[in-house]
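I opened my notebook to look up a few spots in this structure. Here are my entries, in the order I made them.

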Amino acid sequence: MNEIEKLISGKTLTHDEYVKLINRYEDENIRETLMVRARQLRGMHYGNKVYIRGLIEFTNYCRNGCFYCGINSSCKTAKRYRLTKDEILECCMSGYDLGFRTFVLQGGEDPYFTDDILVDIISKIKEDYPDCAVTLSIGERSYESYKRLKGAGADRYLLRHEAANGEYYKMLHPDNMSLENRKQCLFHLKELGFQVGAGFMVGTPGQTVEHLADDLEFLKELEPHMIGIGPFIPHHDTVFGNESAGSVSLTLYLLAILRILFPKVLLPATTALGTAALDGRERGMLAGANVVMPNLSPLSHRKDYALYDNKISTGDEAAECIDGLRKSMEKIGYKVVVDRGDYTG
Ligand code: 5AD
């Protein structure tokens, strides 16, 4: 049995088999075979439903210096902002009216947002919208902190592992960050009962097929409920400002592989994918994705949450243009639903 047959039959691959599998991504026939299988599995578990999440980017202050990211602490050009509790609640209010039943609070690692402040915000959202899920995406914190956030009612947590190969993780991050800590956080979040999301970028500078194989192997070990991947896109004010962007077709190929490896996983067609290609989100869906995360942040700050250059934040990407998204999904046979969109375990 070769690696393609092995993948399709639902078996776990060895490191070398993952490498071979990824290396075949330019073969049209193989691509098509995997996409078809990915769509079939997505259909079996989620039908033609597309789950939406309202993304509230509530702070772009960050204490970390990740080399790829446009809001990292050494970016001088980033115009920093924080939303107030009331501003966050206003985002939820308009999001609820638009049909969102999950709010994702995403931000840099901003020490201003202490556990007390976050607990207050999360509790209020859960009190006002008991039928909604709250997802946090606020980086590495202590076990105790995660425990308090869970206790306040947070349901899910997104923390991309970024790179599961230790050496390569170091090429993307400053010395004060470590893969060990990142992994520890992910396992803590799982232990505490969060629905957990991990993930990585495709095509960061120096990334090899072996590194990607390590990512797939790590995900198999973690068994997350959600996996976020998107192409790397350079930001001019970072160390990687002059590097080239990651490949859209390799990202799509990896999305299909992830759907096959994790048939029930919640898999977004990410903003980065939608930025790298005009029809990125639709192609993501056709590769096995089942989630989109439109931007619900206040218009006045949207441009400032610039993780990479030209990040889309208006048009069909934006929450207020959800009708456009609905139509574009209908065109390819999918349906945006009003639903929390939980992992069905
Ligand atoms: N290109 C693409 N994705 C990026 N992210 C951060 N910077 C970039 C970039 N330049 C991703 C990281 C992070 C997520 C919120 O955005 O993977 O976890």
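**Entry 1: Thr204**

I began with Thr204, and I found it in the loop between strand S6 (195-202) and helix H9 (209-222). I kept in mind that this is a predicted model. Is Thr204 buried or exposed? Its relative accessibility is 4%, so I noted Thr204 as buried, the cut-off being under 20%.

Next I looked up its neighbours. Leaving aside residues up to four places away in sequence, Thr204 touches Tyr168, Leu172 and Phe232. With Tyr168 there is also a polar contact, side chain to side chain, at 2.8 Å.

**Entry 2: aromatic pairs**

How many aromatic pairs does the structure hold? I wrote down 11. To read them, I reminded myself that a pair of aromatic rings is described by the distance of the centres and the angle of the planes.

I picked Tyr25 and Tyr253: the ring centres are 6.1 Å apart and the planes are at 50°, so this pair is tilted. Tyr25 is in the loop between helix H2 (15-23) and helix H3 (28-46), while Tyr253 belongs to helix H10 (residues 248-261), so the pair ties together parts that are 228 residues apart in sequence. I checked the surroundings of both rings too. Tyr25 has a relative accessible area of 18% and is buried; Tyr253, at 0% relative accessibility, is buried as well.

Then I turned to Phe67 and Phe240, an edge-to-face pair with 6.2 Å centre to centre and 85° between the planes. This pair also links distant parts of the chain, 173 residues apart. Phe67 sits in the loop between strand S2 (54-59) and helix H4 (85-98), and Phe240 in the loop between strand S7 (226-231) and H10. Phe67 comes out as partly exposed at 22% relative accessibility, whereas Phe240 is buried at 8%.

One more note on rings: Phe58, Tyr112 and Phe113 form one aromatic cluster.

**Entry 3: charges over rings**

Which ring does Arg82 lie over? I found that of Tyr61, with Arg82 over its face at 3.9 Å from the ring centre. I also noted Lys150, whose charged end sits over the ring of Phe194, 5.7 Å from the centre.

**Entry 4: strand S4**

My last stop was strand S4 (residues 133-137), which is mostly covered, with five of its five residues buried. I recalled that in a regular strand the side chains alternate between the two faces of the sheet. Which residues of S4 are on each side? One side has Ala133, Thr135 and Ser137, the other has Val134 and Leu136, and both faces are covered.

I then looked for the strands that pair with S4. Strand S3 (residues 102-107) runs parallel to S4 and is joined to it by five bridges. Here Gln106 stands opposite Ser137 in S4. S3 and S4 make a right-handed β-α-β unit together with helix H5 (residues 115-128).

Strand S5 (residues 156-158) also pairs with S4 in the parallel sense, over two bridges. For Thr135, I found that the bridge partner in S5 is Arg156. From S4 the chain crosses through helix H6 (residues 143-151) to S5, and I noted this β-α-β crossover as right-handed.

Terms used
Residues numbered from 1 in each chain as written. Predicted model: local features only at pLDDT ≥ 70, side-chain atom pairs only at ≥ 80, totals over all residues. Heavy atoms only, no water. Helix = DSSP H or I, 4+ residues; strand = E, 2+ residues; numbered from the N terminus. Buried < 20%, exposed > 50% of the residue type's maximum accessible area, 1.4 Å probe, protein only. Polar contact = N/O pair within 3.5 Å; in protein donor to acceptor, adjacent residues only side chain to side chain. Contact = heavy atoms within 4.5 Å. Phe/Tyr/Trp six-rings, centres within 6.5 Å; stacked < 30°, edge-to-face > 60°. Lys NZ or Arg CZ within 6 Å of the ring centre and 35° of its normal. Pairing = 2+ DSSP bridges. Right-handed = clockwise from strand over helix to strand, strands pointing away.
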